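Please keep the sequence and the coordinates at hand while reading.

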Amino acid sequence: KRDRKTFSVVRQETDGTQRLWRFDLDGSNPRLVLENVKQIGYHAWIDDTHLALFVLGGQGQPNTLQLADTTTGNTEVVDKGIGRALQIRPRTGTLTYVSKPESGHWVIKELNPQTRAIVTLTVTVDENVSEDFTWHQARPWLLMAKGTKIFGWNAQGGWKELGDFT
């Protein structure tokens, strides 16, 4: 959680259920964040009471992107067939994630949590292989790896190789 007094984790329980738990910074006082949401794989805090969730699809169903409100416990599916990386874009408050359509190239999308508007930012740097990325905190770069190379993307210049770690 963004309050700097607690942290949250996806915890696999003894029956295999994966739910979101919150702890005090010293690891004490465990409590469920969303009691009725199961099979959470990953999460990102949007603000102090709202989360983006990567929820695992079961029995051949696709993974879903869900927005959750911790004050009500309610969730809303906003996309499906997504990758595991959920990143808040610095200085915007928007959520970015990889969309993995059944056919076609994987793309990075941006969701405005207030309006629910979703736009496509760019294709992923490595064709339908890499779904992990992060935002540079000081510069407006989206970062992805392809093999031994790190690439950066911004809206003005597209993808550029930033380094090779061979």
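Thr 94 touches Gln 87, Ile 88, Arg 89, Glu 110, Leu 111, Asn 112 and Pro 113, with residues up to four places away in sequence left out of the count; contact here means heavy atoms within 4.5 Å. The model is a predicted one, in which local features need pLDDT of at least 70 and side-chain atom pairs count only at pLDDT 80 or more, while totals for chains, interfaces and linings use all residues. Residues are numbered from 1 along each chain as its sequence is written, and side-chain values use heavy atoms, with hydrogens and water left out.

Thr 94 sits in the loop between strand 8 (82-88) and strand 9. Strands are DSSP runs (E, at least two residues), as helices are (H or I, at least four), and they are numbered from the N terminus. Thr 94 counts as buried because its relative accessibility is 10%; buried means under 20% relative accessible area, exposed over 50%, and partly exposed in between, with a 1.4 Å probe and protein chains only. The side chain of Thr 94 also makes a polar contact with the side chain of Thr 92, at 2.8 Å. A polar contact is a pair of N or O atoms within 3.5 Å; within protein, one must be able to donate a hydrogen and the other to accept it, and residues adjacent in sequence count only if both atoms are side-chain atoms.

Strand 10 (residues 107-111) is mostly covered, with five of its five residues buried. Val 107, Lys 109 and Leu 111 point one way from the strand, and Ile 108 and Glu 110 point the other way. Strand 10 pairs with strand 9 (residues 95-99) in the antiparallel sense over five bridges, where pairing requires that DSSP finds at least two bridges between two strands. In this pairing Leu 111 is the bridge partner of Leu 95. Strand 10 is also antiparallel to strand 11 (residues 118-123), again over five bridges, and there Leu 111 has Ile 118 as its bridge partner. Strands 10 and 11 form a hairpin with six residues between them, and Arg 116 in the turn has a positive phi of about 70°.

What does the side chain of Glu 110 meet in a salt bridge? The partner is Arg 89, at 3.1 Å, N to O. A salt bridge is a side-chain nitrogen of Lys or Arg within 4 Å of a carboxyl oxygen of Asp or Glu. This pair links distant parts of the chain, 21 residues apart, with Glu 110 in strand 10 and Arg 89 in the loop between strand 8 and strand 9. Both Glu 110 and Arg 89 are buried.

A search of the whole structure finds nine salt bridges. One of them joins the side chains of Glu 131 and Arg 84, at 3.8 Å, N to O. Glu 131 lies in the loop between strand 11 and strand 12 (134-135), and Arg 84 lies in strand 8, 47 residues apart. Glu 131 is buried, with a relative accessible area of 12%, whereas Arg 84 is partly exposed, at 32%.

Elsewhere, Glu 13 is in the loop between strand 1 (6-12) and strand 2 (18-24). With 18% relative accessibility, Glu 13 counts as buried.
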